Amino acid sequence: MRFIYLCLGLFSVLLAGVGIALPLLPTVPFLLLAAFFFARSSERLHNWLLSHATFGPMISDWNEHGAIRLGAKKAATASVAAVFILSVVLQVPTYVLMIQAITLGCVMIFIWTRPSG
């Protein structure tokens, strides 16, 4: 089982890395998953992730306070707005825009109702 958790942790880090470049893919949830999987498979990778200069504070904020840093909230909001605007510009069907608006709106409500770290 440790091997499966290790593979899932590495895959989660990979997805988080891709999420840095792609606004549609969230970074922090994948880092939280990676921390979860590494805690069950590799103490060395778990410690590396928690002590990482960029990722560690985000994970600690969430684990300790359920908090999302203000900068991350602003970046998420900008990404969501960019995706929705791009969908409008590309003339995505109205029903898809409605689904996006509801889904992305719920995501934004969740993000902005968390404490700021």
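This is a walk through one predicted protein model, from overall fold to single residues.

The model is predicted, so local features need pLDDT of at least 70, side-chain atom pairs count only at pLDDT 80 or more, and totals for chains, interfaces and linings use all residues. Residues are numbered from 1 along each chain as its sequence is written, and side-chain values use heavy atoms, with hydrogens and water left out.

Start with the fold. The protein chain has six helices and zero strands. The order from the N terminus is α-α-α-α-α-α. Along the principal axes, the C-alpha atoms fill a box of roughly 45 × 30 × 20 Å.

Next comes burial. Of the 117 residues, 29% count as buried. Buried means under 20% relative accessible area, exposed means over 50%, and partly exposed lies in between (1.4 Å probe, protein chains only). The chain exposes about 7,500 Å², and carbon and sulfur atoms supply 72% of that area. Accessible areas come from the Shrake-Rupley method with a 1.4 Å probe; for residues, only the protein chains shown count as cover.

Contacts tell how the chain folds back on itself. A contact means heavy atoms within 4.5 Å. Among contacts with a separation of 6 or more, 60% join residues 24 or more positions apart.

Helix α4 gives a local view of packing. In α4, Phe55, Gly56, Met58, Ile59 and Asp61 are buried. The buried residues of this helix pack against α1, α2 and α3 (43-51). Just after α4, Gly66 takes a positive phi of about 65 degrees.

Now the empty space. Rolling a probe the size of a water molecule over the atoms shows where empty space is left. The search uses a 1 Å grid over the protein atoms alone. A cavity is a set of points where a 1.4 Å probe fits but cannot get out; a pocket is an open set with protein on both sides within 12 Å along at least five of seven lines. Lining residues have an atom within 4 Å of a point. Grid points are joined across faces, edges and corners, and a volume is the space filled by probe spheres set on the points.

The largest pocket holds about 830 Å³ of space. Its lining has 32 residues, and Pro26, Thr27, Pro29, Ala76 and Ile111 lie nearest the centre. The elements giving two or more residues to this lining are α1 (2-21), α2 (28-39), α4 (55-65), α5 and α6 (94-113). By class, the pocket lining divides into 24 nonpolar, six polar and two charged residues. Here Ala, Val, Leu, Ile, Met, Phe, Trp, Tyr, Cys and Pro count as nonpolar, Asp, Glu, Lys and Arg as charged, and the others, Gly among them, as polar.

The structure also holds one cavity of 30 Å³ or more. The largest cavity has a volume of about 60 Å³. Val28, Met58, Asp61, Ala67, Ile68, Arg69 and Ala72 line it. That lining has five nonpolar, no polar and two charged residues.

Turn to Lys73, in helix α5. Lys73 is buried, with a relative accessible area of 2%. Beyond four places in sequence, Lys73 touches Ile68, Ile111, Trp112, Arg114, Pro115 and Ser116. The Lys73 side chain reaches the backbone oxygen of Arg114 at 2.5 Å. Lys73 and Arg114 are 41 residues apart along the chain, with their C-alpha atoms separated by 9.4 Å.

Ser87 is found in helix α5 (residues 70-89). Gln100 lies in helix α6. A polar contact of 3.0 Å joins their side chains. A polar contact is a pair of N or O atoms within 3.5 Å; within protein, one must be able to donate a hydrogen and the other to accept it, and residues adjacent in sequence count only if both atoms are side-chain atoms. Ser87 is buried at 7% relative accessible area, and Gln100 is buried at 19%. Leaving aside neighbours within four places in sequence, Gln100 is in contact with Val83, Phe84, Ser87 and Gly105.

Finish in the loops. Gln91 lies in the loop between α5 and α6. Its phi is near 55 degrees, a positive value in a residue other than glycine. Gln91 counts as exposed, at 70% relative accessibility. Ser42 is found in the loop between α2 and α3, and Ser42 is buried at 14%.

Technical notes. Helices (H or I, at least four residues) and strands (E, at least two) are DSSP runs, numbered from the N terminus.
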